[in-house]
Structure formats: C-alpha cells, structure tokens
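Here are my notes on this model, as numbered points. Please read them beside the coordinates.

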Amino acid sequence: MEATEAIITRRSTRRFTGKLPARECLEQILTAGRHAPSGGNSQTTHFIVITNREILAELERIVKEEFSVMEETPGMYRSFAHAIRASKTERYLYDYEAPVLIITANQKDYGNNMADCACALENMMIAANALDLGSCYINQLRWLNENEKLLSKLYELGMLPEERVYGALAVGYADTKDGLPVRTPLERTGNPVTYIE
C-alpha cells in the first residue's frame, strides 16, 4: 500500500479480535512512531507497549473508576463528556479491548510534548493500516494525566516521574468479516483549504 492510500484509507477501529499481532508488525509500527518528527529533533517520546492482558485489564479498571466519579459540565469537550457517561455503565472499555496498547509519554515540562506524541501516533496509525491492522487514538489516559492512581500504575510500568501521557494507541486485528480494518474514506465536511497565490 503506498503512503497516500495508507493515509486516506486509515479509519479508527473500535472492535478488535483478541489475536495479538506478530512482534515484527509491532516493531514496524513502533519504528514508524520513533521516526516521527519532534521539536528540535528532541526524540523524547517514550513508547510503552502493553500486551499483557492483566495489565490492560487493570488500566481499564482504573480508567473506569476514575472517570465514573467525574460529572459532566456545560461546554465540556464532547468526547470527554462521553467518557464520563460511558464509565458509569457496566461495559465501559476505553481501549476497546485491543490486544495492544501503545502509550506515548513525554517530558511534562517540554513545550512540544503533545505535538511530538501526536506526530508519532499518526505515523503509527498509518503504519498499522498498511500492515492490515486496525488502530484507534486513545485520549483517556491523557485526560487523567495528573491522576495519582493512574500515575502510580504508569510509574510501575516504566514511565518516568518527569513524564506524562500525551496519547495512546489501541492496535490489533479488526473484528470484521474479512479481518481487515474498515477503509472506506469518510467524506471531508471540514478542514477547509485556502491558497494564497
């Protein structure tokens, strides 16, 4: 799959099979992320790759518990509000039970932390699509960036005290009839372009 096709056909996958992608596929995805641009070529994004089902389940529990004690407020970002509402239901799984979660952390006092992580995440989503794997950008860990329970767990997993999460990626095989991610491009209804010539 050539680069433009991999970009245009990339769609978020929110239903995964339990099958773990081969280590070689994960390495290719991580290579794409590690080669993303970074401010001043700082290369400070820390990739934490979790495939251990018990750890994934523990993170799911922490996220659900911490969001469930929050309340929606007027004007709240709609996805954040949705996470709060969904966490109060029985079956809230912020990572869609993907077999792989790649957390991108960076220096909390570095001005380009979110941008660097976002660039890495986009590269990894495109690489996953090219490898016939589904992926979905995950914000919930970032939204709990200063939550003591989550930080404690992330420190156990190797995140450094001076780091915070600025995004994550769910990766795995799409739970579709053919096992491939949905690739029908969505109509562009926004993102205007203005040429100044």
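Which residue just after H5 takes a positive phi? Asp 132 does, at about 65°. The model is a predicted one, and the points below should be read with that in mind.

1. **Two positive phi values.** Most residues other than glycine have a negative phi. Asp 132 is not a glycine, yet its phi is positive. The residue lies in the loop that links H5 to E3. Asp 132 is partly exposed, at 32% relative accessible area. Asn 41 is another non-glycine residue with a positive phi, about 55°. Its loop is the one between H2 and E1. With a relative accessibility of 54%, Asn 41 counts as exposed.

2. **The sheet.** 4 strands make an open sheet, and their order is E1-E2-E4-E3. The pairing is antiparallel. On average, neighbouring strands are turned by 20° against each other, direction ignored.

3. **Strand pairing in detail.** E1 and E2 (residues 100–107) run antiparallel and are joined by 5 bridges. His 46 has Ala 105 in E2 as its bridge partner. Ile 48 stands opposite Ile 103, also in E2. On to the next pair: E2 and E4 are joined by 8 bridges, again antiparallel. There, Gln 107 stands opposite Glu 163 in E4.

4. **E2 is enclosed.** Of the 8 residues of E2, 7 are buried, so the strand is largely enclosed by the rest of the structure. H5 touches E2, and E2 also pairs with E1 and with E4.

5. **H5 on the sheet.** Helix H5 (residues 113–130) packs on the sheet and touches E1, E2, E3 and E4 (163–172). The direction of H5 makes about 155° with that of E2. H5 has 18 residues. From first C-alpha to last, the helix reaches 26 Å, close to the 26 Å expected at 1.5 Å a residue.

6. **What H5 buries.** Buried residues in H5 include Asp 116, Leu 121, Met 124, Met 125 and Ile 126. Asn 113 and Asn 129 are buried too. The elements over the buried residues of H5 include helix H1 (3–8) and helix H2 (23–34), along with E1, E2, E3 and E4.

7. **The largest core.** In soluble globular proteins, nonpolar side chains tend to be buried together. Here the largest nonpolar core has 31 residues. Leu 59, Phe 67, Tyr 94, Leu 101, Ile 103 and Leu 141 have the most contacts inside it. Elements giving two or more residues to this core include E1, E2, E3 and E4, and also helix H3 (53–68), helix H4 (78–87), helix H6 (140–143) and helix H7 (148–156). H3 gives the largest share, 6 residues.

8. **Tyr 94 and its neighbours.** Leaving out residues up to four places away in sequence, Tyr 94 touches Leu 59, Glu 60, Val 63, Leu 101, Ile 138, Gln 140 and Leu 141. Among these, Leu 59, Leu 101 and Leu 141 are listed with Tyr 94 for the most contacts inside the largest core.

9. **A second core.** A separate core has 18 residues. Ile 29, Leu 30, Val 100 and Leu 169 are among them.

10. **H4.** Phe 80, Ala 81, Ala 83, Ile 84, Ala 86 and Ser 87 are buried in H4. The partners they pack against are H3 and H6.

11. **Cysteines.** How many disulfides are there? The count is 0. The cut-off is 2.5 Å. Cys 119 is partly exposed, with a relative accessible area of 31%. Cys 136 is in no disulfide either; the nearest cysteine sulfur is that of Cys 117, 17 Å away. Cys 136 is buried, at 2% relative accessibility.

Technical notes:
Residues are numbered from 1 along each chain as its sequence is written. This is a predicted model: local features need pLDDT of at least 70, side-chain atom pairs count only at pLDDT 80 or more; totals for chains, interfaces and linings use all residues. Side-chain values use heavy atoms; hydrogens and water are left out. Two strands pair if DSSP finds at least two bridges between them. Axes are lines fitted to C-alpha atoms, for helices over the stretch in contact, and angles run from 0 to 180 degrees between N-to-C directions. Contact means heavy atoms within 4.5 Å. The expected span of a helix is 1.5 Å times one less than its number of residues. Buried means under 20% relative accessible area, exposed over 50%, partly exposed in between (1.4 Å probe, protein chains only). A nonpolar core is a set of buried Ala, Val, Leu, Ile, Met, Phe, Trp, Tyr and Cys residues joined through side-chain atoms within 4.5 Å.
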